[in-house]
Amino acid sequence: STWINLTTNTMLNGAKIPMYQNNDLDALKTAIRTCIRADYSNARIARIRDTLSLYEIEISEALLPDVERWLGAEHPFTVRFGLGMLMEHYLDGDFDPAYLSRAAAVSSAHYYVKMMAAWYFATALAKQYEAALPYLEQGRLAPWTHNKAIRKALESYRITPEQKEYLKSLKISSRKSGTGR
């Protein structure tokens, strides 16, 4: 009954014995229930399964508006963070081809933003090859980003040798792109 009272009052720190739930879903429901003014139907959640493995973080779809805001930010490292979030969390089960268009629309002269965009598309080629390929075939990326994405994809073990050969044929020559080396 102490746990019920604490949960109802949203004051979990009053428990002398740590609270637990029987499964992950019940734990999430309890955590959300104790958040004051939370929108339960649209909770913004980031789940870290293991703090020793921070490279694997699950985030809810409700964070997509934040990613959109980050992609449109003025500060280059905020934009880079937005591209990274899109790459890490929305190229697998939550993938939507529209995310590729959003990433391709990012325009910046800042090296780290361009590099992150290239990394995003190289990873997209590894995870969503058929959806990402038209961005290179149709020249929908800036030449530098285009070539850097191909270069990074060629270094990937997740791209087949046949795919790598085709990607090489899509490289934009430095004379055509004006990018130099």
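Contact here means heavy atoms within 4.5 Å. Helices are DSSP runs of H or I with at least four residues, strands are runs of E with at least two, and both are numbered from the N terminus. The structure is a predicted model, in which local features need pLDDT of at least 70 and side-chain atom pairs count only at pLDDT 80 or more, while totals for chains, interfaces and linings use all residues. Residues are numbered from 1 along each chain as its sequence is written, and side-chain values use heavy atoms, with hydrogens and water left out.

Helix 7 spans residues 129–137, and its buried residues are Tyr129, Ala132, Leu133, Tyr135 and Leu136. Seen down the helix axis, these residues fall within an arc of 155 degrees, so they line one face of helix 7. The arc is taken from the directions that lead from the helix axis to the C-beta atoms. Buried means under 20% relative accessible area, exposed means over 50%, and partly exposed lies in between (1.4 Å probe, protein chains only). Just after helix 7, Gly139 has a positive phi of about 60 degrees.

## The chain as a whole

The protein chain contains ten helices and two strands. Read from the N terminus, the order of elements is α-α-β-β-α-α-α-α-α-α-α-α. Of its 181 residues, 35% count as buried.

Among contacts between residues at least 6 apart in sequence, 51% join residues at least 24 apart. The accessible surface of the chain is about 11,800 Å², and carbon and sulfur atoms account for 52% of that surface. Accessible areas come from the Shrake-Rupley method with a 1.4 Å probe; for residues, only the protein chains shown count as cover.

## Helix 9 and its partners

Helix 7 and helix 9 pack at an angle of about 20 degrees, and their axes are 11 Å apart. The two are therefore roughly parallel to each other. Their contact is made by Tyr129, Leu133, Leu136 and Glu137 of helix 7 with Gln163, Tyr166 and Leu167 of helix 9. Axes are lines fitted to C-alpha atoms, for helices over the stretch in contact, and angles run from 0 to 180 degrees between N-to-C directions. Angles under 35 degrees count as roughly parallel, over 145 as roughly antiparallel, 65 to 115 as roughly perpendicular and the rest as oblique.

Helix 8 and helix 9 pack at about 160 degrees, with their axes 10 Å apart. This angle makes helix 8 roughly antiparallel to helix 9. On the side of helix 8 the contact involves Ile150, Ala153 and Leu154, and on the side of helix 9 it involves Lys164, Leu167 and Lys168.

## Helix 4 against helix 6

The axes of helix 4 and helix 6 come within 9 Å and cross at roughly 5 degrees. From helix 4, Pro76, Phe77, Val79, Arg80, Leu83, Gly84, Leu86 and Met87 meet Tyr112, Val113, Met116, Ala117, Trp119, Tyr120 and Thr123 of helix 6.

Thr123 lies in helix 6 and counts as buried, at 7% relative accessibility. Leaving aside residues up to four places away in sequence, Thr123 touches Met87, Leu91 and Arg158. Ala124 also lies in helix 6 and is buried, with a relative accessible area of 0%. Ala124 and Met87 are 37 residues apart in sequence and 7.5 Å apart in space, C-alpha to C-alpha. With residues up to four places away in sequence not counted, Ala124 touches Leu91, Leu100, Tyr129 and Ala132.

Helix 3 covers residues 64–71, with Leu64, Asp66, Val67, Trp70 and Leu71 as its buried residues. Viewed down the axis of helix 3, they fall within an arc of 155 degrees, so they line one face of the helix. The face turned away from this buried side carries the exposed residues Pro65 and Arg69. The cover over the buried residues of helix 3 includes helix 4 (76–89) and helix 5.

His110 is found in the loop between helix 5 and helix 6. At 27% relative accessibility, His110 counts as partly exposed. His110 touches Pro76 and Phe77, not counting residues up to four places away in sequence. Between His110 and Phe77 the separation is 33 residues in sequence and 9.2 Å in space, C-alpha to C-alpha.
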